[in-house]
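Please read this briefing with the sequence and the three-dimensional structure side by side. The points below are grouped by topic.

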Amino acid sequence: MMELILEEKDASDWVYRGEGAANLILSYAGSSHPFVGKVLRVPKVKKDETNCEELTSYLSEHECLLWKEDCDLLSAPTREIAKHLYVQYVMCPLLGSNHVDAGIRILVSMDFLKAVERNTLSQRPSWRVDQADVNTQCDYALLISDHSVFPQPLHDEEFSISVEIKPKCGFLPCSRYIAEDHTIKKSMSRFKLHQNLKSQQKKVSQLSQYDPLDMFSGSRERIKKSVKDLFSTPQNNFRVFLNGSLVFGSLGGGEYITNAHNEKAFDDLLTSVIQADDGMRTACFLELVSEAVSKSGLLDRLLQAQKLDAFDIEGAIHAYYDVVSQPCLVCKELGEDKLSGRFSSLHSLPLDGSLKIVRDYLIAATAKDLSMMISFRIREKRDPKSQYNVIFHESTGQTFDYKVSFIDLDMKPLEKMTYYYELDQKILRCYTKMMKTAKRPKISPSVVDKTSYQEKSMVVEDDSPTRDSAVIGA
Ligand SMILES: O=P(O)(O)O[C@@H]1[C@@H](OP(=O)(O)O)[C@H](OP(=O)(O)O)[C@H](O)[C@H](OP(=O)(O)O)[C@H]1OP(=O)(O)O
Ligand SMILES: Nc1ncnc2c1ncn2[C@@H]1O[C@H](COP(=O)(O)OP(=O)(O)OP(=O)(O)O)[C@@H](O)[C@H]1O
Ligand SMILES: [Zn+2]
């Protein structure tokens with residue numbers, strides 16, 4: 001295939017779709033064949049990072065050790081290429097190659113990227129603009145299938161509906177390296193614990209009702225509950241796209257910019273999709289989504305990848321210091337002797353053992369942060385046999401094809417291990433403080449149920465805008 005290159009003149013065909021912390025996503029609005037049905041994933045650069053070393057440099061010496069089993073990664077001339085290979089050779093086998101499109105790298109000119117930056121500025125959430133710009137120094141961007149539309153339409157007039165779920169970590173850790181003071185980690189999900197810190201930091205205005213433990217439970221009823229909870233408090237964990245446009249949820253992880261201003265508006269939007277009475281369509285749609293999650297069985301597969309984190313950050317951090325051949329700052333801080341203290345079994349591992357712990361931890365980190373997109377289309381009786389998965393939706397008598405894809409399978413940098421440790425400590429400190437100020441000193445953290453946790457949470461109430469300020473239906 002001839003090498004594709006995007007120039008300044010092409011920029012107007014690419015429209016803002018959304019963004020995360022690290023990339024900006026553009027969808028294609030033109031008619032050039034190779035780009036139809038695709039999105040472009042353009043890396044961003046943090047404003048406080050003066051150089052873009054991460055994108056242009058090689059893997060660090062210690063990262064090379066870490067990924068040495070995945071030989072192709074080491075042959076990559078840049079970190080950017082190594083990250084692309086990581087999706088193909090590390091994440092794809094874990095999640096299934098038919099559920100991952102690693103994309104192809106295409107050349108982009110600096111003028112194209114500058115034009116994209118200008119054109120998208122007004123649509124980006126302001127807190128994302130404050131944090132990062134489009135990285136105009138990049139030579140390449142990734143061209144990936146647009147999972148918000150069904151791959152091949154069966155009929156001309158066909159609609160396309162898809163949901164995006166960022167399920168986060170679906171299990172409770174049980175590592176023996178978790179400090180006694182942190183036992184709450186063994187009974188309350190990381191997501192729930194983190195909510196409290198986010199609320200204190202005013203990153204969210206309301207605690208999420210969602211609990212990943214329901215989503216990953218394998219129980220149909222609990223999955224259904226978790227999808228309803230996502231709909232009530234979507235934050236950056238739930239979005240709905242109709243014909244490629246966001247109709248529910250937050251754009252770019254910011255405010256809820258959506259066509260569905262209230263539940264009725266959303267219910268009305270579903271008219272072309274769900275054959276049910278007014279006011280009943282949303283519930284039927286959420287049921288359809290839950291069914292697809294259950295039937296696909298993909299969350300079980302994702303959970304196995306997340307469980308590669310077997311030691312928890314409180315254990316893995318010690319292996320990290322051995323991998324980078326530095327004195328263990330955590331043992332030092334905790335006053336533990338490296339060779340005879342609580343973590344001596346970790347510190348006495350051979351290098352390959354430490355490498356495996358850290359490697360598995362980072363793969364699990366990717367699996368805890370990715371999103372799943374499920375796209376649907378209606379099947380008519382006359383349609384040919386489906387090459388996709390099929391769901392019969394009992395409540396409406398409709399049949400749907402659905403396809404599940406994983407997005408955002410980025411490799412996490414090795415240096416992030418110390419950040420993970422610090423964040424974990426911060427989340428736990430916040431929880432401990434909350435429990436103290438809750439003025440119920442006798443209650444044992446392990447018996448705190450979800451309701452009492454929410455009631456006791458300290459939502460800092462002031463007028464500052466949060467990332468999820470305008471909640472739908474409010
Ligand atoms: O640490 P977490 O669990 O808050 O996850 C971060 C995400 O926060 P959230 O899902 O909102 O809690 C965070 O998402 P947001 O920026 O909050 O939308 C990123 O996905 C971040 O990954 P990276 O820095 O882009 O590699 C994520 O960082 P990683 O932990 O996956 O490295
Ligand atoms: N292939 C795709 N098809 C459709 N929409 C996509 C696709 N990839 C990304 N998106 C949309 O763009 C958003 C941001 O993409 P992505 O999660 O890859 O960004 P990121 O910066 O890597 O995220 P993070 O904050 O997790 O690091 C997604 O939440 C999703 O709404
Ligand atoms: Zn240590």
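How many residues of domain 1 are in contact with residues of domain 2? In this predicted model, 14 residues of domain 1 are in contact with 15 residues of domain 2, where contact requires that the C-beta atoms, placed from the backbone, lie within 7 Å. The model is predicted, and local features need pLDDT of at least 70, side-chain atom pairs count only at pLDDT 80 or more, and totals for chains, interfaces and linings use all residues. Residues are numbered from 1 along each chain as its sequence is written, while chains are lettered from A and ligands numbered from 1 in the order in which they are written.

**Chain and domains**

- The protein chain has 18 helices and 13 strands, which are DSSP runs numbered from the N terminus (helices: H or I, at least four residues; strands: E, at least two).
- Buried residues make up 41% of the 474 residues in the protein chain; a residue is buried if 20 or more other C-beta atoms lie within 10 Å of its own, exposed if 12 or fewer, and partly exposed in between, with C-beta atoms placed from the backbone.
- Among contacts between residues at least 6 apart in sequence, 67% join residues at least 24 apart.
- The chain is divided into domain 1 (5-58 + 96-145) and domain 2 (161-305 + 366-456), with bounds that come from an automatic or database domain assignment.
- On the side of domain 1 that touches domain 2, β2 and α6 (126-131) each supply at least two residues, and the residues of that side divide into four nonpolar, five polar and five charged; Ala, Val, Leu, Ile, Met, Phe, Trp, Tyr, Cys and Pro count as nonpolar, Asp, Glu, Lys and Arg as charged, and the others, Gly among them, as polar.

**The six-stranded sheet**

- An open sheet of six strands has the order β10-β9-β8-β11-β13-β12, with antiparallel pairing; two strands pair if DSSP finds at least two bridges between them.
- Its edge strands are β10 (245-248) and β12 (389-393), each of which pairs on one side only.
- Five of the five residues of strand β8 (residues 161-165) are buried, so β8 is largely enclosed by the rest of the structure.
- Ile161, Val163 and Ile165 point one way from β8, whereas Ser162 and Glu164 point the other way.
- Five bridges join β8 to the antiparallel strand β9 (residues 238-242), in which Leu242 stands opposite Ile161.
- Strand β11 (residues 371-379) also pairs with β8 in the antiparallel sense over five bridges, and here Val163 stands opposite Ile374.
- β12 and strand β13 (residues 398-407) are likewise antiparallel and paired over five bridges, with Asn389 opposite Tyr402 in β13.

**Ligand surroundings**

- Domain 1 and domain 2 both give residues to the shell around ligand 1, so ligand 1 lies between them.
- The residues around ligand 1, counted when the C-beta atom, placed from the backbone, lies within 6 Å, include Gly20, Ala21, Asn236, Asp369 and Lys416.
- The shell around ligand 1 takes at least two residues from each of α16 (351-369) and α17 (416-437), and divides into four nonpolar, three polar and four charged residues.
- Around ligand 2 there are 22 residues, of which Gly18, Gly20, Ala21, Ile25 and Asp408 come nearest.
- Two or more residues of the shell around ligand 2 come from each of β2 (14-19), β3 (23-28), β4 (38-46) and β7 (140-145), and β2 gives the most, with three residues.
- By class, the shell around ligand 2 has six nonpolar, seven polar and nine charged residues, and at least three residues are drawn from each of domain 1 and domain 2.

Notes
Contact = placed C-beta atoms within 7 Å.
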